[in-house]
Amino acid sequence: MINKKKNKGKIGGRGNFLFAMIAIYIIVAFFNFEFVKEALKKTLITLWKITPILGAVFIIMILINLYLESGKIKKHLEKELGWRGWFYSIIAGILISGPPYVFFPMLGEMKKHGMKNSLIAVFLYNRNVKIPYLHVSIYYFGLPFTLIVSLYIIIFSILNGIIVSWLSEDKTERNFS
Amino acid sequence: MKKAFLQAVNSFRQSLPMMIGLLMLINFLEPFFRKYYSRIFSGNYFIDPLIGAAAGSISFGIPVTSYVVGGELLNQGVSLVAVAAFILAWTTVGVAMLPLESSFLGKKFAVTRNVVNFIFSLVIAVLTVVTLKFFQ
């Protein structure tokens with residue numbers, strides 16, 4: 001009951017933010033309709049583009065809730081995978097495309113099931129090695145720059161995972177497995 | 001199955017209003033930011049990377065946009081280390097998405113991650129340019 005109330009409050013707060021934005025759009029539209037039309041168009045295009053990813057995330061979340069008991073991911077990554085857990089987080093971060101915010105609900109769900117902060121941080125950091133956009137980066141900054149940046153991102157992602165988990169005081173993670 | 005489905009629905013019910021609201025905010029502010037990118041750099045080799053990282057942190061959009069803006073900044077004479085810090089912070093630091101990240105992954109985690117990413121964007125930018133010069 002308490003949880004239900006808490007959730008309702010959270011949704012209300014988030015809903016209020018959305019309503020506030022709609023109100024701002026309506027007010028500004030009176031002064032500059034074209035500007036608001038363009039912003040709304042961009043928002044709708046972005047939403048349309050992320051819909052398939054959101055659909056995939058939704059299915060993955062159902063599967064996580066369906067098949068993973070609380071703490072199972074943690075146990076699996078710590079005891080069975082060890083350093084390979086870090087490796088898989090790097091590979092998944094590089095290969096899975098889409099804006100990071102669509103993955104927050106899924107990662108939140110995985111965290112509830114025991115995924116470590118460090119691996120979440122590693123996954124999110126490696127999402128910046130953008131394979132689909134590498135050719136654009138090469139066009140603007142050259143191949144050496146693109147390769148060096150990508151390499152540093154991968155190397156620093158591990159350091160990122162260690163520091164973030166350490167600073168966010170997840171004491172269970174301090175043993176770098 | 002039903003329970004797992006409802007849990008996923010509940011997560012989405014919580015995240016979607018915030019996500020849509022933030023996308024509306026981002027697309028509303030982006031034209032203002034874009035207008036001022038080239039004016040904020042000072043020409044100072046030491047301060048510009050910091051300005052680049054700060055500008056990248058509060059900017060939003062797909063990575064391609066950061067490459068295009070970064071390319072324009074390079075053409076306007078902004079240093080490579082500042083542009084590198086800008087594009088790295090653009091993709092790794094998400095100030096606008098901080099409320100959404102906090103609500104799912106915890107405030108402490110989200111803030112720590114973004115602060116560490118900000119510092120790393122400066123470090124990697126410097127290291128990248130130094131490495132490039134080393135090989136040239």
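**Ground rules.** I took residues as numbered from 1 along each chain as its sequence is written, with chains lettered from A and ligands numbered from 1 in the order in which they are written. Because the model is predicted, I kept local features to pLDDT of at least 70 and side-chain atom pairs to pLDDT 80 or more, while totals for chains, interfaces and linings use all residues.

**Chain B.** I looked up the secondary structure as DSSP runs, numbered from the N terminus (helices are H or I of at least four residues, strands E of at least two), and found six helices and zero strands in chain B. The C-alpha trace of chain B spans about 60 × 30 × 25 Å along its principal axes. Of the 136 residues in chain B, 48% are buried, where buried requires 20 or more other C-beta atoms, placed from the backbone, within 10 Å of the residue's own.

**Interface.** Counting a contact when C-beta atoms, placed from the backbone, lie within 7 Å, I found 48 residues of chain A in contact with 46 residues of chain B. H8(A) gives the most to the side of chain A that touches chain B, namely eleven residues. That side has 32 nonpolar, ten polar and six charged residues, with Ala, Val, Leu, Ile, Met, Phe, Trp, Tyr, Cys and Pro taken as nonpolar, Asp, Glu, Lys and Arg as charged, and the others, Gly among them, as polar.

**H5 against H5.** I checked the axes, which are lines fitted to C-alpha atoms over the stretch in contact, with angles from 0 to 180 degrees between N-to-C directions: those of H5(A) and H5(B), residues 98–105 of chain B, come within 8 Å and cross at roughly 25°. H5(A) is therefore roughly parallel to H5(B), a term for angles under 35 degrees. In this contact A:Phe104, A:Pro105, A:Leu107, A:Gly108 and A:Lys111 meet B:Leu100, B:Glu101, B:Phe104 and B:Leu105, and the residues divide into six nonpolar, one polar and two charged.

Leaving out residues up to four places away in sequence, B:Ala84 touches A:Val149, B:Ala125, B:Thr128 and B:Val129.

Conventions
Two residues are in contact if their C-beta atoms, placed from the backbone, lie within 7 Å. Angles under 35 degrees count as roughly parallel, over 145 as roughly antiparallel, 65 to 115 as roughly perpendicular and the rest as oblique. A residue is buried if 20 or more other C-beta atoms lie within 10 Å of its own, exposed if 12 or fewer, and partly exposed in between; C-beta atoms are placed from the backbone.
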